Amino acid sequence: VYRASLFPRFLDETDEHGNAVYWSPYSGKIRHGRLVADSGFWDAYRTVYGLLSITRPSVLGAMIEGWLNAAKENDGFVPQWASPAERSGVLAGNTLSDVTLSDAIVKGIPGFDVEAALRVSLNNVECARGHEKHNSQTSE
């Protein structure tokens, strides 16, 4: 549990009204909400996030809020490895984030916008369909 709790790093601060705000590495603007870094999906979606859903659900909800905020600035995709200004590794059409998002929705994890999580997941599905269509057209 200790090692599972070392990451992510939350990149937000609390403003004078007690609300979470962060400086966006994507737009260079101050945004409302949370942002997280240094936590990817490879293997963690099968291990760490499931554990956090049981042992620290509010932390997992805050992480998901941070991923969804990053997705707002990355064409609707969650970063594969959340790191400031990292754009090369978005999870376009990848299901690793979908597993974590759907698990959190089913378990009722608090602290994130369920509708936004569903939109991100649907965006992944549509992108995956686009890749399949593109790949079948280019292989002929």
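A nonpolar core is a set of buried Ala, Val, Leu, Ile, Met, Phe, Trp, Tyr and Cys residues joined through side-chain atoms within 4.5 Å. The exercises below use a predicted model.

**Exercise 1. The largest nonpolar core**

Find which residues touch the most other members of the largest nonpolar core, and which element gives the largest share of this core.

Solution. 
- Step 1. The core has 22 residues, and those touching the most other members are Tyr 49, Ile 64 and Trp 67.
- Step 2. Two or more residues come from each of helix H1 (48-55), helix H2 (57-72), H3 and H4.
- Step 3. H2 provides seven residues, the largest share.
- Step 4. For Ile 64, with neighbours within four places in sequence set aside, the contacts are Leu 101, Ala 104 and Phe 112.
- Step 5. As background, nonpolar side chains in soluble globular proteins tend to be buried together.

**Exercise 2. Asp 113**

Solution. 
- Step 1. Not counting residues up to four places away in sequence, Asp 113 touches Leu 68 and Arg 119.
- Step 2. The side chain of Asp 113 also reaches the backbone nitrogen of Ala 116, at 3.2 Å.
- Step 3. Relate Asp 113 to Ile 64 from Exercise 1: the two are 49 residues apart in sequence, and their C-alpha atoms are 8.7 Å apart in space.

**Exercise 3. Asp 12**

Decide whether Asp 12 is buried or exposed, and find which side chain it joins in a polar contact.

Solution. 
- Step 1. Asp 12 sits in the loop between strand S1 (9-10) and strand S2 (13-14).
- Step 2. With a relative accessible area of 16%, and a limit of under 20% for buried, Asp 12 is therefore buried.
- Step 3. The side chains of Asp 12 and Arg 34 are joined by a polar contact of 3.1 Å.
- Step 4. Residues up to four places away in sequence aside, Asp 12 touches Ala 20, Val 21, Tyr 22, Gly 33, Arg 34 and Leu 35.

**Exercise 4. The sheet**

Give the order of the strands in the open sheet and name its edge strands.

Solution. 
- Step 1. The three strands run in the order S2-S3-S4, with antiparallel pairing.
- Step 2. S2 and strand S4 (30-32) each pair on one side only, so they are the edge strands.
- Step 3. Three bridges link strand S3 (residues 20-23) to S4 in the antiparallel sense.
- Step 4. Trp 23 has Ile 30 in S4 as its bridge partner.

Definitions and conventions
Residues numbered from 1 in each chain as written. Predicted model: local features only at pLDDT ≥ 70, side-chain atom pairs only at ≥ 80, totals over all residues. Heavy atoms only, no water. Contact = heavy atoms within 4.5 Å. Polar contact = N/O pair within 3.5 Å; in protein donor to acceptor, adjacent residues only side chain to side chain. Buried < 20%, exposed > 50% of the residue type's maximum accessible area, 1.4 Å probe, protein only. Helix = DSSP H or I, 4+ residues; strand = E, 2+ residues; numbered from the N terminus. Pairing = 2+ DSSP bridges.
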